[in-house]
Each structure stands twice: as structure tokens, then as C-alpha cells.
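Hi everyone, thanks for coming. Have a look at it first.

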Amino acid sequence: EALFEDYASNFESSLVDELGYNAFHRMRRGFDRALAQENESTEKKFLKVVDAGCGTGLAGVEFRNISQSLIGIDLSPKIIEHAKTKRPGLYDSFQTGDIKPILRDYAKQPISLLVAADTFIYFNDLTDLFASMKDGIEEGGYAVFSLENVSEESEARLNAIVPEWRWQLTPSGRVAHRKEYVEDIAKENGFQTVLYDKLDNFRAEKGEGVRGHLFVLRKDFSLQKDEL
């Protein structure tokens with residue numbers, strides 16, 4: 001939280017202008033493809049949409065037109081204040097705090113779509129996070145999110161040494177996850193992977209493009225029944 005509080009005033013310009021960040025555009029395009037695959041309209045309105053790690057609203061802008069109610073959640077009160085100033089009226093409400101307990105609190109009135117642009121890259125083990133997603137997302141609801149991947153060289157080395165590796169701390173302090181680990185833990189929590197896409201060069205790090213993942217999941221309780 002302290003890191004993002006200090007970073008708040010320069011957050012968007014640093015991310016977009018300096019690092020060439022573009023995941024939020026690509027997430028919406030990927031989500032539209034996923035909806036088409038599921039034979040749903042790309043203009044479908046979702047009753048309750050949560051933008052986890054909303055920052056100043058980059059992803060919120062992309063998903064506003066399919067949101068009846070758009071809720072921004074962030075650890076940093078300062079960043080939320082910047083979002084209110086920079087994009088007034090974009091969000092219907094805000095919450096400040098850790099996404100996991102907040103998602104669990106939605107169990108009685110679950111959300112229909114969870115959006116998380118570069119939010120989950122600060123979690124290593126995803127067990128508790130996905131359990132919270134299972135609690136907070138309605139049956140048939142969606143989650144669309146980006147994750148980081150290791151470099152091609154690191155991936156080859158890890159696959160050779162530890163084929164079942166799950167996550168890896170990167171030099172930037174962010175966490176990279178293995179695609180298969182995410183798919184497995186999603187299924188364990190009742191989520192079907194509707195769409196997966198590589199998200200290469202979604203951000204630059206020291207002049208080099210960063211590799212990433214784009215996931216669109218749909219909550220399907222029958223998956224958990226199959227596991228029983």
C-alpha cells in the first residue's frame with residue numbers, strides 16, 4: 001500500500017507513457033472474443049462489475065459501456081482520489097483495501113464480472129485469491145485478468161529443472177505465473193478457462209518487452225461437481 005501511495009501522482013504517466021503499458025486495451029478485445037465464443041453479445045450489460053486494482057481507471061474505461069454498476073477497488077486511497085479527479089463519474093462507487101476479503105464479502109450479492117489488469121502479479125500462491133473469487137463471483141459470471149510470464153530463457157530453464165513450477169519472483173519484484181498452474185487452480189475453484197491468449201510486450205522493463213498472459217474465466221459449478 002505504501003508503495004502505491006508514493007507512486008500515485010505519477011502512476012498513469014509512468015505506466016503508459018514510459019513503459020508502454022497496453023494490457024487494458026487487449027483485455028477488452030480478448031473479453032469480446034470470449035463472449036463471442038460463448039454465443040453472448042459483446043454489448044451485453046453486466047449488472048455488477050468490479051475493477052480490482054483499479055488505479056486511475058485505465059481498465060475501467062474499457063469496460064464501462066458493458067457495466068450497469070462499475071465498482072473500483074484499490075489498496076491506495078491516493079490513487080482512488082486521482083481516479084475521481086482524472087475520470088469523474090467513471091465508477092459508481094469505490095472500495096479501499098485488500099481484494100480477497102472484499103471479494104468474500106460479495107458472497108451474498110455476487111458480482112457478474114471481475115476485471116483485474118496487472119493486479120494479480122503481486123500474489124505468488126493463488127490459492128486464497130481464487131477461493132475468494134469463487135465466493136464473490138456469481139454462477140455463470142466472468143473474470144478477465146492479466147498476469148506476467150517469465151522470459152523465454154527462464155521458462156525453458158524452469159521447465160527443465162522444475163517442470164511443475166507454479167510461480168517465480170521476477171527482478172522487478174512482480175510475480176510471474178505458469179499458465180498451467182493458473183488453469184489448474186481455476187478449475188479447482190469451479191472456473192472454466194474460456195479464453196487464453198499470450199500477452200507479450202504488454203509492458204516494457206528496462207527497454208525489453210515483458211511477456212504475459214490473458215485469461216478469461218467463467219464460473220461453472222459443474223466443474224467442481226466433476227472433481228468430487
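Let's start at Asp200, which touches Arg26, Val210, Arg211 and Gly212, leaving out residues up to four places away in sequence; contact here means heavy atoms within 4.5 Å. Before I go further, a word on the source: this is a predicted model, where local features need pLDDT of at least 70, side-chain atom pairs count only at pLDDT 80 or more, and totals for chains, interfaces and linings use all residues. Residues are numbered from 1 along each chain as its sequence is written, and side-chain values use heavy atoms, with hydrogens and water left out.

Back to Asp200, then. You'll find Asp200 in the loop between β8 and β9 (204–205). Helices (H or I, at least four residues) and strands (E, at least two) are DSSP runs, numbered from the N terminus. With 29% relative accessibility, Asp200 counts as partly exposed; buried means under 20% relative accessible area, exposed over 50%, and partly exposed in between, with a 1.4 Å probe and protein chains only. Asp200 and Ala23 are 177 residues apart in sequence, yet their C-alpha atoms are 9.4 Å apart in space.

Now the overall picture. The protein has 10 helices and 11 strands, and buried residues make up 49% of its 228 residues. Of the contacts with a separation of 6 or more, 67% are between residues 24 or more positions apart.

On to the rings. Rings of Phe, Tyr and Trp (its six-membered ring) pair if their centres lie within 6.5 Å; planes under 30 degrees apart count as stacked, over 60 as edge-to-face and the rest as tilted. How many aromatic pairs does this rule give? The count comes to 10. One of them is Phe46 with Tyr142, edge-to-face, at 6.0 Å centre to centre and 85° between the planes. Phe46 lies in strand β1 (residues 46–52) and Tyr142 in strand β5 (residues 137–148), so this pair ties together parts that are 96 residues apart in sequence. Both Phe46 and Tyr142 are buried. Tyr91 and Phe94 make a tilted pair, with 5.0 Å centre to centre and 50° between the planes. Here Tyr91 is buried at 7% relative accessibility, whereas Phe94 is partly exposed at 24%. Ring pairs also link Phe120, Phe123, Phe130, Phe145, Tyr196 and Phe215 into a cluster.

Let's go inside. In soluble globular proteins, nonpolar side chains tend to be buried together. A nonpolar core is a set of buried Ala, Val, Leu, Ile, Met, Phe, Trp, Tyr and Cys residues joined through side-chain atoms within 4.5 Å. Of the 30 residues in the largest core, Phe31, Leu113 and Val144 touch the most other members. The elements that each supply at least two residues are α3 (23–37), β1, α4 (58–63), β4, β5, β8 (191–198) and β11 (212–219). Which of them gives the most? That is α3, with six residues. Beyond its neighbours within four places in sequence, Leu113 contacts Phe31, Phe46, Lys48, Val49, Val50, Phe63, Ile66, Tyr142 and Val144. A second, separate core of 29 residues includes Ala52, Leu114, Phe130 and Phe145.

Ser112 sits in strand β4 (residues 111–116) and is buried, with a relative accessible area of 4%. Its contacts, residues up to four places away aside, include Phe46 and Tyr142, our edge-to-face pair.

Last stop, backbone angles. Most residues other than glycine have a negative phi. Asn39, in the loop between α3 and β1, has a positive phi of about 60° although it is not a glycine. Asp118 also has a positive phi of about 60°, and is found in the loop between β4 and α7 (127–136).
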